[in-house]
Amino acid sequence: VQLQASGGGLVQAGGSLRLSCAASGRTVVTYGMGWFRQAPGKEREFVAAITRNAGSTDYADSVKGRFTISRDNAKNTVYLQMNSLKPEDTAIYYCATGIRFIGATAQAMQDAVVDYWGKGTLVTVSS
């Protein structure tokens, strides 16, 4: 599975961005997908996850109500709509999946072992 994230950039606090993650390789539509982020000097953390049929989603508490994860299986693409951005959202954002994401609940993906990481995209939120 190959993953490529895009859509990052510089935005002012309160603004919005939409990240995309294009997937290719194996039958990616069978995989649940997640977004993670890593801020400077911090460990990588979970942001959001979505099951393979988009029937269930889960979010980190810090982004609930502001971020929305979605997917278009016909395009093998997962999205992360980010609204009301804050300076603390500044990070490199990665899409990810793995064998344990197949059939997993969105909540379980928070801690699931990731087998495939996409190349990250940088989001910078200025105050």
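Biologist: What makes R37 buried or exposed?

Modeller: First, this is a predicted model, where local features need pLDDT of at least 70, side-chain atom pairs count only at pLDDT 80 or more, and totals for chains, interfaces and linings use all residues. Residues are numbered from 1 along each chain as its sequence is written, and side-chain values use heavy atoms, with hydrogens and water left out. R37 has a relative accessible area of 5%; buried means under 20%, exposed over 50% and partly exposed in between (1.4 Å probe, protein chains only), so R37 is buried.

Biologist: Why do R37 and E45 count as a salt bridge?

Modeller: The term asks for a side-chain nitrogen of Lys or Arg within 4 Å of a carboxyl oxygen of Asp or Glu. For R37 and E45 the N to O distance is 2.7 Å, so the pair meets the definition. E45, at 35% relative accessibility, is partly exposed.

Biologist: And what is the case for R37 with D89?

Modeller: Their closest N and O atoms are 2.9 Å apart, so this pair also qualifies as a salt bridge. R37 lies in strand β4 and D89 in the loop between β8 and β9, 52 residues apart. D89 is buried, at 1% relative accessibility.

Biologist: Which residues are linked in a network of salt bridges?

Modeller: R37, E45, R66 and D89 are.

Notes. Helices (H or I, at least four residues) and strands (E, at least two) are DSSP runs, numbered from the N terminus.
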